[in-house]
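Here is a structure to go through by question and answer. Each answer sets a value against the definition of the term.

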Amino acid sequence: MRVCTYNTYDTANASDGEPVKIVKIYLKYPMNYTNCWKINPCIKRWRENKPYLRMLKHCFGTEAKSRAETKKKWRSVVGLEIHAQIQSNSKLFSGSSTMYGSPINSNVSFFDCATPGTLPVLNKRCVEAGILTALALSCKVNEVSLFDRKHYFYADLPAGYQITQQRQALAIDGELNFQVYTPGIHPRPYSKVSKIKQLQLEQDSGKSLHDLIAKRSLVDLNRAGIPLMELVFEPDLSDGEEAAALVKEIVLILKRLGTCSCKMEEGALRVDANISVNRPGEKLGTRTEVKNIGSIRSVAAAVKFEIDRQIKEIENGGTIINETRSWDTEIRKTVPMRDKEEKQDYRFMPEPNLPPLHVHVTKEIKNKYGLVDVPLLQESLPELPEETRYNLKNNFGLDSTAAIILTNENNLLNIFEAVVKEDSKRKPKLVSNILINQLLTVVNRKALELDTCILNAQHIGELVDMLQNKTINLTTAENVLEEYITESSMTPKQIVEKNNWTQITDEHQLTQICKNILLQRADVVKKYKAGKTKVFRALVGAVAQETKNRADMATVVNILKKLLDE
């Protein structure tokens, strides 16, 4: 406990700001800009008055600084559960279609709507997809796994239970290595490892449609029985950006494997986040679960909000309850859904209609029963994102940031590899810079989607060649890309010739242009010779403007320095 003695100035009841009384209070935690008004209600009025507000900031620092100091006193713990819809033509235990957007209740078999007497038949494609994903995540595939019934009542769950794998999952003990990097938040990328507790197969429930006007609910069972992989991660993340980076990595892996479309807008990938906070040295706090987060950036925002909410609640003297919450994208807050069900509420029991799932795991032993072959699936694994980043850095000399961006954008990666492969004389760093800096700048400026842009690797290679042989400069390259994206019938070379954008490299011509600029900007020249060397940029900019950004600026800088020193 800390003793805090201070004078209370109540300007509403005292004249000339005389101290009304001296208060001695006992603080469990230090007073700061954020919580000071809770100790003395009078201070709340001070924060609305600018002179007093300046005084508070002088005493305690800014609100942002106070928040940063508060974060140092807290440890946040985040664990994710990811539900990925397996990319298959039929459901996990029936032959019904999994096509998205089908008419309501058109993809429902007798088993999906829990007709008595119907039995589940396990989809082999789903097992293979689950194992392939498990191998990509360095999991140990169990030779025998079991199915269980998870009981709970809801209108869109016709049988009253979900078939899942609670006792012995398909795979366990995995590990995911990924990079955390958000421009504007992280100065540089850093590596993170998250442990995977298990990967299990399970069926999805249906969908409830609520008609608020008619005051009734309808049920669509098209999703009932859709095959899911549930990836359960250990609680070893510390904030929302790490959680978002993990989900991004999972999306990249699943897309390369072809085991999930990862279209979050269609519900093909959903994220649940378990979040708690505690002070360093203390035991873990009570966790809350934020359900069904529907986008990667929402994962970061939801986790960040929930961490801040829990810290604020505890610092205000409240307690965190074990509950389920959802992320409201409109108000950008987590809102309560229901109290968290305990494990015993689900009344898990073995699924009597499905035998144990056996798979072939030993390469040296012959697969004589035709089981799903794990070693064979291991050999079919494609190059994974972590390997791609390693190759880009070690084989092409790219930095970590460029390697992450290219790996995250598959279209850019394909173009990069094709351009470099077509001509070994092309510089990989220059190719990556054009794609990341110039191309993405144009795409963002035009508010386009990269996936919808028609990009030809040969044309990008032509642009790189013109840059390397100094036919054009980077500014012109960006202008060429802008016109190329909207006028794709022309090649970059044709665009340069049409607009007369060829770079001016003739030293005699550039010298004459520089002399003219120095004559026009005599006042700037005078300042430069007086010692104000920063005005040199103005002269360089004037040359660029005069030549419409066509001048070889490296040559221009040398010429200007030579002329100014004469």
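Predicted model: local features only at pLDDT ≥ 70, side-chain atom pairs only at ≥ 80, totals over all residues.

Q: What makes the pair formed by Asn142 and the backbone oxygen of Ala169 a polar contact?
A: A polar atom of the Asn142 side chain lies 2.8 Å from that oxygen. The limit is a pair of N or O atoms within 3.5 Å; within protein, one must be able to donate a hydrogen and the other to accept it, and residues adjacent in sequence count only if both atoms are side-chain atoms.

Q: Which residues does Asn142 contact, leaving aside neighbours within four places in sequence?
A: Contact means heavy atoms within 4.5 Å. Among the residues in contact with Asn142 are Gln168, Leu170 and Val359.

Q: How do you know that β3 and β12 pair?
A: Strands (E, at least two residues) and helices (H or I, at least four) are DSSP runs, numbered from the N terminus. Two strands pair if DSSP finds at least two bridges between them. β3 (residues 75-85) and β12 have five bridges, in the antiparallel sense. β9 (residues 190-203) is antiparallel to β12 as well, with seven bridges. Leu228 of β12 is the bridge partner of Gln85 and also of Glu202.

Q: What makes β12 mostly covered?
A: Seven of the seven residues of β12 (227-233) are buried. On one side these are Pro227, Met229, Leu231 and Phe233, and on the other Leu228, Glu230 and Val232.

Q: Why are the buried residues of α15 said to be on the same side?
A: The buried residues of α15 (492-499) are Pro492, Ile495 and Val496. They cover an arc of only 100° around the axis, which puts them on the same side of α15. The arc is that of the directions from the helix axis to the C-beta atoms.

Q: What makes a set of residues a nonpolar core?
A: The members are buried Ala, Val, Leu, Ile, Met, Phe, Trp, Tyr and Cys residues joined through side-chain atoms within 4.5 Å. The largest such core has 68 residues, including Leu80 and Ile250. Helix α6 (residues 240-257) gives the most to this core, with nine residues.

Conventions
Residues numbered from 1 in each chain as written. Heavy atoms only, no water. Buried < 20%, exposed > 50% of the residue type's maximum accessible area, 1.4 Å probe, protein only.
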